[in-house]
Amino acid sequence: MSLYQVQKFLYHLNRDPRLQAEYRADRAGALADFELTDEERTALVEADIGLLFHFGVNGQILMHFAALHGIEWSDYLQRMRDGIAAHGPVREGVYAITGYEGVDEHAARLGQRAASGTSERART
Amino acid sequence: MSLVFAGVCSHAPGITGRADRADPVVRDRFYAAFDDMRQRLEAARPDALVVVAAEHFANFFMNNMPSFAIGMADSYDGPIEDPAWLAIPKVRVPGRRELSRRIIDGVMQHADVAYAEEWLFDHGIMVPLHFLTPRFDLPIVPVNINCQGPPLAPLHRVWAFGEALRAAIDAMPERIALVGTGGISHWPATPDSGKINEAWDRDLLDRWCRNDRDALLDYDDTTIYADAGQGGFEIRTYLTISAAAAGAQGTVHFYAPIPIFAVGCTVATYDLS
């Protein structure tokens, strides 16, 4: 388990277009310089958002990785939830899950309405 | 005195990137408040804008994390994010290296700070600039406080940093504006994204407006985390502006939780007159 190395790779990926191109062309190859476990390597190659969140990757780093893969915002949030459901609580790092009701339910409770023309999952 | 403007605002990426998913009535009131802040800023006729931000691993990482950093370059590129994701195009923002140098020298008389001759702006600075300097024509001096990766500077050190920043700005012949950006309570980019503790936010803003040092320092990261999430660590940017405002009283021009923006959206200023 080397959360630091996982986050270090994502930090570089997020800010370096050349590493992004390398990762797009050869995901495993782009990881070569980082000291990762097999589990971490697989999660990064497969862009397993839920598993990466379970590892404890900071969301401020992870959300850009999700965007790189074209994962839409609500889907990104759901994948993290699914990861926690599948793998258990976040292993290390700053996160605890607080049992939030979800964006749509929260907005509705505040009397706000979603803009027209958007389709939402039940929990976003 | 050369501090001509002091305020705070939100910076969450959803404010621009997910604009079409918010309640249009609430969103447009928020945008109008941002535009009012822009007009107040312009009326102060600043020569440069110091932005106290809480960046999100765009430049600073856990290999070498400064608690406090100030940019020292003639330009800064941003956003680091996909422009389509943030809905802000790539742009080169002007800086003023020599002004940064003088401010850094001044701050260093009282507080330790790292300097950075390279700095890629992320949403933490780009979203406020998108509203406050939409032509990206005002020279920026970026300031960062580590609010993301603990260990974090304790709040009384943040206050001392704000006072050092004010002393440095007061020694400048230029007219300097100061804006802090951050969330109040929020759980950004996590499964709890959208959660907002409105009561906690309003209490913080009350303390901020009264500029009550003791009340503003009466937090610790354990209770912030429990009540306001890891995003609440970003109150450090708000406290810096309070310290720099040196007793000035504040006004909240807008506050409303907007869950799809993942934050209680805020625009507030201090009366420096």
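**Figure 1. Overall build of chain B in the predicted model.** The secondary structure of chain B amounts to ten helices and ten strands, and its C-alpha atoms fill a box of roughly 45 × 40 × 40 Å along the principal axes. A compact globule of 273 residues would have a radius of gyration near 19 Å, and the 17 Å of chain B agrees with that value. Of the 273 residues of chain B, 57% count as buried. Among contacts in chain B between residues at least 6 apart in sequence, 84% join residues at least 24 apart.

**Figure 2. The side of chain A that touches chain B.** Contacts link 32 residues of chain A with 32 residues of chain B. On the chain A side, helix H1 (3-15), helix H6 (59-68), helix H7 (73-87) and helix H8 (103-109) each supply at least two residues, and the largest share, seven residues, comes from H6(A). By residue type, this side of chain A divides into 19 nonpolar, nine polar and four charged residues.

**Figure 3. The largest nonpolar core and the surroundings of Leu62(A).** The largest nonpolar core holds 119 residues, of which Leu10(A), Leu52(A), Leu62(A), Val50(B), Val51(B), Leu178(B) and Phe261(B) touch the most other members. Helix H10 (residues 235-245) of chain B gives the most to this core, with seven residues. When neighbours within four places in sequence are left aside, Leu62(A) is in contact with Leu10(A), Ile49(A), Leu52(A), Phe53(A) and Val57(A), and also with Ala189(B) from the other chain.

**Figure 4. Strand E3 of chain B between its two partners.** In a regular strand the side chains alternate between the two faces of the sheet. Phe68(B) and Ile70(B) point one way from E3(B), while Ala69(B) and Gly71(B) point the other way, and all are buried. E3(B) pairs with E7(B) in the antiparallel sense over three bridges, with Phe68(B) opposite Ile145(B). Three bridges also join E3(B) to E6(B), in this case running parallel, and here Ala69(B) has Ala114(B) as its bridge partner.

Figure 5. E9(B) and strand E10 (residues 263-270) of chain B run antiparallel and are joined by eight bridges, among them the pairing of Ile258(B) with Val263(B). Ala262(B) has its place in the loop between E9 and E10 of chain B, and its phi is near 70°, a positive value in a residue other than glycine. Ala262(B) counts as buried, because 29 C-beta neighbours lie inside 10 Å.

Figure 6. Strand E4 (residues 75-78) of chain B has a covered face formed by Tyr76(B) and Gly78(B), and an uncovered one formed by Ser75(B) and Asp77(B). Four bridges join E4(B) to strand E5 (residues 91-94) of chain B in an antiparallel arrangement, in which Asp77(B) stands opposite Arg92(B). The peptide bond from Gly78(B) to Pro79(B) is cis, with omega near -5°, and Pro79(B) lies in the loop between E4 and H3 of chain B. Leu86(B), in helix H3 (residues 83-86) of chain B, is buried, with 24 other C-beta atoms within 10 Å. Beyond its neighbours within four places in sequence, Leu86(B) is in contact with residues including Pro13(B), Pro79(B), His123(B) and Met126(B).

Note on methods
Residues are numbered from 1 along each chain as its sequence is written. Chains are lettered from A and ligands numbered from 1 in the order in which they are written. This is a predicted model: local features need pLDDT of at least 70, side-chain atom pairs count only at pLDDT 80 or more; totals for chains, interfaces and linings use all residues. Two residues are in contact if their C-beta atoms, placed from the backbone, lie within 7 Å. Ala, Val, Leu, Ile, Met, Phe, Trp, Tyr, Cys and Pro count as nonpolar, Asp, Glu, Lys and Arg as charged, and the others, Gly among them, as polar. A nonpolar core is a set of buried Ala, Val, Leu, Ile, Met, Phe, Trp, Tyr and Cys residues joined through C-beta atoms within 7 Å. A residue is buried if 20 or more other C-beta atoms lie within 10 Å of its own, exposed if 12 or fewer, and partly exposed in between; C-beta atoms are placed from the backbone. Two strands pair if DSSP finds at least two bridges between them. The radius of gyration is taken over C-alpha atoms; the globule rule is 2.2 Å times the number of residues to the power 0.38.
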